[in-house]
Amino acid sequence: MTERKHNFNAGPAVLPYSVLKQVHSQLLDFDQLGLSLMEMSHRSPEFDQVINDAKASLTRLYSIPDTHEVMFLQGGASLQFAMIPYNLGSGGAYINTGTWSTRAYKEACTIGTADEIWSDEGNGFKHVPQPEELPSLPAASTYLHYTSNNTIYGTQYQYVPKTELPLICDMSSDFISRPINVADFDLIYAGAQKNAGPSGVTVLIIKKAISRHFVGDARTPKILRYVTQAEKGSMYNTPNTFGIWVIKLVAEWVESQGGLAAIHALNQAKANHLYDVIDAHPLCVGHATDVSRSLMNVTFRMDSEDREQAFTQLCQTKGIIGIKGHRSVGGLRASIYNAMPQSSVETLADLLASFRG
Ligand code: PMP
C-alpha cells in the first residue's frame, strides 16, 4: 500500500487506522453473512445490532443518563441549524464564535426570531467568551446555543456555559474528544466527519423532553421534527447504515483507548506540543487567545503568505497534508483529532521547528 499520509485535514479527517482495517476486513463479508453491510436492510436484526452497539458505546463513553437518547440523522450539522428552531421555536440566544455559529444563528433568523448575544467577529474570531464575559440573556430567550469548538478559527471553550435555559451545543469538531456531563445539555449535535466517523451522519444526544414532544409550528414538515425520528429509533427513513457502523467502531476504539478522560489527556499532550513549537518559533504566531486555544484545530500564521505557502509545499514533500488554513481565513491549521497519531504531530512539529522559509 502507498505510505499513509500525516493527515491534518479538518474534516472529513483522519480515522483510527485500526478502524479502517476492521472496515476493510468486513467490507465484503459482514460477520460472515455473505454480504456487505452496505447491501443489508436497515430493518435486519444484524443492522439493529450495529445501531444498538453504536448507541451503547456512546452511552458508556459519556455515561448518558436515561433522560437523554442518541440519534443518528442526516443532512449534516447544517440541517440541525434549521431543525433546532423548527423544534424549539423562536427566541434562541446565539453566541457567535465563528463561521458555523454565524450560520446557525442566521438559519434560526430565517425560521423565526433569534438573538446574537455575543460575537467576536470584529476581533477576527480569536476568542470564545469566558464565563464573566457572557451577557445576561434577553428576557424572552428560549434556549442558548453555542459552538464548543470552532473548526475554522481554532478556538474552543474549556468550560460549559451555565444557564437555566435549554443548552444546545454544536459539538461537531470536538465530539468524543473529552469528558462532559451530558445532563448539562438539552441537545448536543455533531457532524460525524471529524472525530466520530465518515461524513453523512450527524450524531445527536438529545433530552427526551425535546425529542419526544414536538412543540413547534404545526406546518413544520414531519421529517424535520425530532419526534419523527425519535419514535422510529432514527429509522423513520433509511439511515446512513455504513456511517453508523463506522461510528460504532470509532466509539469502541475510544473505549479501548481508555475512554474520554484518557483520549483527552492524549489530545492535550498533542496540542501542547504543537503550541509550544508555535510559541517558540520566530516566524509564527498563534491565532487564538490563550484561554481559547483549541485542542482539535491548531491555527497559526507565519510572517508572510509566501512563507506559509513554502511551508505547505515542504510539508507535501514529507507526506504531511491538510495544513492550509480554511479558504475564508488563510494562515495554517493543523487539525489533530482523536485519531491523529502522536507521531504525526511530532513529524509536523519537528518540521515546523526547523523551518525558516
Ligand atoms: N459546525 C461545525 C463546528 C463544523 O466544523 C461544521 C463543518 N465543518 C459544521 C457545523 C457543518 O457541518 P456539515 O458540513 O456536516 O453540515
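View 1. An N or O atom in the side chain of Ser78 is 2.6 Å from a ligand oxygen, and one in the side chain of Lys194 is 2.9 Å from a ligand nitrogen. (A polar contact here is a pair of N or O atoms within 3.5 Å.) The protein covers 85% of the 390 Å² of accessible area that the ligand has on its own (Shrake-Rupley method, 1.4 Å probe). This is a predicted model, with local features needing pLDDT of at least 70 and side-chain atom pairs pLDDT 80 or more, while totals for chains, interfaces and linings use all residues. Residues are numbered from 1 along each chain, and side-chain values use heavy atoms, without hydrogens and water.

**View 2. The shell around the ligand.** Around the ligand are 13 residues, of which Ser78, Thr151, Asp170, Gln193 and Lys194 come nearest (near means a heavy atom within 4 Å). By class, the shell has three nonpolar, eight polar and two charged residues (Ala, Val, Leu, Ile, Met, Phe, Trp, Tyr, Cys and Pro count as nonpolar, Asp, Glu, Lys and Arg as charged, the others as polar). Helix α3, residues 76-88, gives the most to this shell, with four residues (helices are DSSP runs of H or I, at least four residues).

**View 3. The second largest cavity.** Here you can find Lys194 again, in a lining that also includes Val14, Trp253 and Tyr337 (a cavity is a set of points on a 1 Å grid where a 1.4 Å probe fits but cannot get out, and lining residues have an atom within 4 Å of a point). The lining divides into eight nonpolar, two polar and one charged residue.

Terms used: Polar contact = N/O pair within 3.5 Å; in protein donor to acceptor, adjacent residues only side chain to side chain. Helix = DSSP H or I, 4+ residues; strand = E, 2+ residues; numbered from the N terminus. 1 Å grid on protein atoms, 1.4 Å probe; cavity = no way out; pocket = protein on both sides within 12 Å on 5 of 7 lines; lining within 4 Å.
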